[in-house]
Amino acid sequence: MSETPTHVGEILEHIAQLLELKGENPFKIRAYTNAARALESLSEPIETIVNEGRLGSIEGIGKAITEKVTELVTTGKLPYYEELKASFPDGIFELFELQGLGAKKIKALHDQLGVSSVEDLERVCKEGKAAELAGFGEKTQVKLLKAIEDHRKHAGRFRINVVAVLADQLLSDLRAHEAVGQISEGGSFRRRKETIGDLDILVSSKDPEEVTTFFVHHPLVEEVIVSGPTKSSVRLKDGVQCDLRVVKPEEFPFALVYFTGSKEHNIRLRSRALDRGWSLNEYRFTVVGDAEGAQQPPVIHDEKELYKSLGLDFIPPELREDKGEIAAAEAGTLPDLIEWSNLRGTFHCHTTASDGKNSLIEMARAAIDLGLEYLGIADHSKSSFQARGLDASRLAEQVAEIRELNTSKEFQEAGFRLFAGTECDILKEGDLDFTDEVLATLDYVVASAHSGFTADEKTMTERIIRAIRNPHVTMMGHLTGRLLLSREAYPVNIPAVIEAAAETGTIIEINASPWRLDMDWRWWPLAKEKGVKCSINPDAHTVFGLQDLIYGVGIARKGWLTKTDVVNCLPLGKVEAALAAKRLKQAEE
Ligand code: DGT
Ligand code: CA
Ligand code: CA
Ligand code: ZN
């Protein structure tokens, strides 16, 4: 049995939860959670690491866990886990996914009310029984019902990185198959939505059955839901559903537009086709009504020709959300969207100085390997104590280390530079976690809120705007604090924040972590209109985390941004001025 890192990681996560339910030693519990995190950030198959005996040398994985993971990977079983699990129902793990519900409460619900699933919990809350438990109360009960509602909204969707790994593998294996002609991803994944319901893949082939057979037997497939000659649906690893469509070569452009969506975009296209006397479906154009009078549709070889036949420029998939793209394509005013290759560097990365897993030099070298010219370091500030935030003196040490590295031969030869920054906490009243004197020693400052999320919209907005008014705050980090499919955004008046950012010359980040993708793509056209610049930041905590930048590029494209809207498309020599602009402007005023 082959285990993916996330799968093994998930079992370790479950072990930690079970140990918590049993009231075990917190250090032991933490060891399992840490190990689960460490495995999540692996860049190679866990089997390879186990087989080569390198597991123990991964930071965060101790001797006992090394033994258990080795047993799990080599035998496919872990009796220790099975025994722990036997005393609790399977449904209990889902309860851990509810916001505001920890092991202590879950244990009380389980032991005293027999709650063993989300459904059970909903029932005891509605019956008012949960409120009667010691330490619960009416308020908790209301919160739990809200948490269940939020949880259901997210059920069955996935963060984009989970889908991307599967899509890469499936597409490359299908592409190599001799019966496969053209192939593309479709649906929300091709449109780079922030979360994905299911993965859609489209293939053209003269032998659809052969392609379908190959697909449903692919090693990533765990369960076949439907399998017809041209349509099949499967469940992949990690529970992701995947639809495959196989069409004839001449149908491919039509099917690709149809299955890329969005539905709303497709509806607009169909109505344009009707204006021309053609009905458009997933296979072809058909002349409608009185064939005599109607103009014959042209022969279509690709998506571009299809758009052209409807009087439109080619619309990149990320824009196909019915947010004005059709009108822009008709007028020839679609933006020249930013591309991965436009990125020259990035800001907002963590190191081992706070809660990162790699050192300064390791992060720098990884950035150089990615072809970047510069990397901004922004470790946490002291109020984020759980992330080992830096105080002023540790920050000063790090700044000195960065300045030193910048004079090194290695950096000079690579034409590379580190920028010294901080991810400075925004405190309750909108004060910053460092004094202005300290902030002034840095090349740039990312300001983020990491606490006080229960404040109302007015309070939160004022806090953030106060931070934005500080001349040292170069950019706003993860504006709404959302964790996709897990924690809702805190309430904040985004147009007001955009207005303040525009007034002060503050950059807003696209946090490219697949958990955040924040500020949301839907707000970028407004920010751009107001003249606010964007920085695409990976919020990387490991060297691999830098690669999340690609998801940030997807979101920037969905937000209609071009390379001139994004500060980290500026090369070294120009980007310094962009970082300094706000301080200069405010000094002059
Ligand atoms: P998802 O999977 O929920 O993240 O979102 P999509 O957009 O991938 O939706 P999905 O997988 O249900 O369908 C893929 C595309 O197929 C969708 O974007 C547009 C097209 N499509 C599916 N059903 C319909 C439909 O009933 N009408 C139209 N016009 N298009 C549809
Ligand atoms: Ca889909
Ligand atoms: Ca689908
Ligand atoms: Zn942060």
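Two strands pair if DSSP finds at least two bridges between them, and helices (H or I, at least four residues) and strands (E, at least two) are themselves DSSP runs, numbered from the N terminus. This is a predicted model, in which local features need pLDDT of at least 70 and side-chain atom pairs count only at pLDDT 80 or more, while totals for chains, interfaces and linings use all residues. Residues are numbered from 1 along each chain as its sequence is written, chains are lettered from A and ligands numbered from 1 in the order in which they are written, and side-chain values use heavy atoms, with hydrogens and water left out.

**View 1. Strands S10 and S11 run side by side in the parallel sense.** The two strands pair over 3 bridges, and within this pairing glycine 345 stands opposite tyrosine 374 of S11, while threonine 346 stands opposite leucine 375 of S11. In a regular strand the side chains alternate between the two faces of the sheet. In S11, Tyr374 and Gly376 point one way and Leu375 and Ile377 the other way, and all are buried (under 20% relative accessible area, with exposed meaning over 50% and partly exposed in between, for a 1.4 Å probe and protein chains only). Because 5 of the 5 residues of S10 are buried, this strand is largely enclosed by the rest of the structure.

**View 2. Histidine 348 and arginine 388 both have a positive phi value.** Histidine 348, which is not a glycine, has a phi near 60° and is found in strand S10, residues 345-349. With a relative accessible area of 0%, histidine 348 is buried. Arginine 388, also a residue other than glycine, has a phi near 55°, and its place is in the loop between strand S11 (374-377) and helix H18 (392-406).

**View 3. Five strands, S13 to S17, make up an open sheet.** The order of the strands is S13-S14-S15-S16-S17, and the pairing is parallel. Strand S13 (423-425) and strand S17 (534-537) stand at the edges with a single partner strand each, so one side of each is left without a neighbour in the sheet. Further in, strand S15 (residues 475-476) and strand S16 (residues 507-511) pair in the parallel sense over 2 bridges, and methionine 475 stands opposite isoleucine 507 in S16. Strands of a sheet pair through backbone hydrogen bonds, either parallel or antiparallel.

**View 4. Histidine 472 sits in the loop that lies between helix H21 (457-468) and S15.** Its relative accessible area is 13%, and histidine 472 is therefore buried. Which residues is histidine 472 in contact with, leaving aside its neighbours within four places in sequence? They are Asp436, Leu439, Ala440, Val445 and Arg583, where contact means heavy atoms within 4.5 Å. Histidine 472 and glycine 197 are 275 residues apart in sequence, and their C-alpha atoms are 41 Å apart in space.

**View 5. Cis peptide bonds join glycine 261 to serine 262 and aspartate 518 to methionine 519.** For the bond between glycine 261 and serine 262, omega is about -5°, and serine 262 lies in the loop between helix H13 (252-260) and helix H14 (263-275). For the bond between aspartate 518 and methionine 519, omega is about 15°, and methionine 519 has its place in the loop between S16 and helix H23 (524-529).

**View 6. Glutamate 20 is found in helix H1, which covers residues 5-21.** At 37% relative accessibility, glutamate 20 counts as partly exposed. Leaving aside its neighbours within four places in sequence, glutamate 20 is in contact with Ile29, Phe96 and Ala103. Glutamate 397 lies 377 residues away from glutamate 20 in sequence, and the two are 38 Å apart in space, C-alpha to C-alpha.
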